[in-house]
Amino acid sequence: MLYEFKGHRPVVDPSAFIHPLAAVTGNVWIGKNVYIGPGAAIRGDWGRIVIEDGCNVQESCTIHMFPGVTVLLKEGAHIGHGAIVHGAIIGRNCLIGMNSVIMDNVEIEDECIVGAMSFVKAGEKIPRRSLIAGNPAKLIREVSEEMLRWKTEGTALYQALPGEMRESWRECEAERPKENMVEEPLGVEEPAAVYKRRELTIDEFLEMEEKSDVKHEYYKGRIFSMSGPKLDHIRITRNLTALLRGKLRGSSCEVFPTDLRVYVESEELLTYPDLSIVCGELVTRNNDDWNLMNPSVIVEVLSKSTMDYDRNEKFELYKALPSLREYILVDSRSVLVEQFCKDGEGNWVLRNYDKLTDRLMVETVKVDLLLEEIYENVRFPKLSD
């Protein structure tokens with residue numbers, strides 16, 4: 001919805017798309033092919049907000065300022081779900097990660113990437129092509145060509161979205177499920193959500209899974225099928241398993257491939273990570289030697305259809321494991337490893353690796369892995385594949 005305030009009405013290019021559940025108020029200028037998602041609050045009541053061509057402001061973002069300040073999102077800026085931009089300037093083709101906070105008088109120069117859940121302090125000046133992350137955000141390294149390509153191609157999807165929304169988006173009534181029909185509401189490849197009309201208890205699920213030829217994830221009574229991974233995904237998992245087994249031989253830590261389920265008791269989640277590392281004695285549900293409850297490290301290999309789930313919702317569920325100290329995400333479509341380590345105060349600190357010559361130090365087990373070995377024989381398809 002658009003709202004006038006003190007004589008100021010939002011100026012919106014006709015090629016932009018503003019979701020009806022977003023609130024755009026007052027002195028706001030929105031350029032060409034801009035996407036504004038549901039729940040976004042863009043409030044130009046005390047100052048001006050300029051959102052240049054090709055930007056996107058995703059679900060539940062907030063853009064605001066102190067009196068007299070202009071907030072500027074330069075061309076192609078990409079503001080991830082739940083982020084807050086308050087009185088800042090965001091440079092051309094920047095990415096602001098999900099749930100990050102950018103404070104007053106911050107200037108982020110062109111082609112920067114701010115990691116998810118980062119906090120950028122008031123008055124910070126971030127140089128061009130910087131990758132920053134953390135609370136408070138600190139410089140990690142320069143943004144590589146590969147990371148910039150990944151960001152630019154991802155933003156291009158949102159630049160095309162306004163036109164697609166105008167063509168096919170409309171309010172509708174839900175369809176009624178047919179009797180005895182298996183529903184597929186999420187429409188993704190992996191994990192594809194398929195669940196029967198009746199919710200299952202954990203024991204019912206385990207009995208079903210024992211007889212099934214297909215792996216399923218269980219979450220609070222719902223069942224999700226896990227479709228088979230693609231070749232590069234399998235290669236990365238195979239390489240990591242071999243490397244870790246060799247380096248952990250003789251230690252108190254053991255690596256397990258995806259056949260071992262992990263049980264997050266407080267979240268009622270049963271799932272199959274690509275890799276788990278356990279240090280010391282294994283703890284399983286009811287001592288069944290099958291449903292692991294105390295992984296120290298979890299590794300997920302990202303595919304096109306799972307990356308958002310693994311980075312966000314699934315990570316939040318894994319955080320409920322008291323034993324978990326480290327969460328590692330390995331992209332199967334480009335050279336990118338994201339490592340989240342839990343510090344002594346319970347905060348998750350992010351490190352990124354994006355060169356084949358980089359070495360990933362798995363902090364929990366003090367093992368370093370060369371990215372070139374992790375990605376051995378991986379083909380790196382185009383991101384549009």
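**Entry 1: the cavity**

I began with the lining of the largest cavity: L240, L244, V299, I328, V330, L360, V362 and L369. I noted at once that this is a predicted model. Next I asked how large the volume of this cavity is. I read a value of about 40 Å³. I searched the whole structure and found 1 cavity of 30 Å³ or more.

Which elements supply at least two residues each to the lining? I wrote down α3 (231-248), β29 (326-331) and β32 (359-362). Then I sorted the lining residues by type. I counted 8 nonpolar, no polar and no charged.

**Entry 2: the cores**

I turned to the largest nonpolar core, which has 36 residues. Which of them touch the most other members? My list reads I36, I51, V57, L73, I90, I102 and I108.

**Entry 3: the cysteines**

I reminded myself that a disulfide is a covalent bond between the sulfur atoms of two cysteines. How many disulfides does the structure hold? I found 1. C253 and C279 form it, with their sulfur atoms 2.0 Å apart. I read 105 degrees about the S-S bond, and the link is right-handed.

Where do the two partners sit? C253 is in strand β23 (residues 253-257) and C279 is in strand β26 (residues 275-279). They are 26 residues apart, so I noted that the pair links distant parts of the chain. Is C253 buried or exposed? I have C253 as buried, because its relative accessible area is 13% and the cut-off is under 20%. C279 has 27% relative accessibility, so C279 counts as partly exposed.

C61 is in no disulfide. The nearest cysteine sulfur to C61 is that of C55, 12 Å away. C61 counts as buried, at 1% relative accessibility. C341 is in no disulfide either. For C341 the nearest cysteine sulfur is that of C279, 13 Å away. C341 counts as buried too, at 10%.

I looked for a cis peptide bond and noted the one from N135 to P136, with omega near 0 degrees. P136 is in the loop between β19 (130-134) and β20 (137-142).

Then I looked at phi. E111 is not a glycine, yet its phi is positive, about 60 degrees. E111 lies in the loop between β15 (107-108) and β16 (113-114). E111 is buried, at 8% relative accessibility.

D289 is another non-glycine with a positive phi, near 60 degrees. I placed D289 in the loop between β26 and β27 (291-292). D289 has 65% relative accessibility and counts as exposed.

Methods. Residues numbered from 1 in each chain as written. Predicted model: local features only at pLDDT ≥ 70, side-chain atom pairs only at ≥ 80, totals over all residues. Heavy atoms only, no water. Core = buried A, V, L, I, M, F, W, Y, C linked by side-chain atoms within 4.5 Å. Buried < 20%, exposed > 50% of the residue type's maximum accessible area, 1.4 Å probe, protein only. Disulfide = S-S within 2.5 Å. Helix = DSSP H or I, 4+ residues; strand = E, 2+ residues; numbered from the N terminus. 1 Å grid on protein atoms, 1.4 Å probe; cavity = no way out; pocket = protein on both sides within 12 Å on 5 of 7 lines; lining within 4 Å. Points joined across faces, edges and corners; volume = space filled by probe spheres on them. Nonpolar A, V, L, I, M, F, W, Y, C, P; charged D, E, K, R; others polar.
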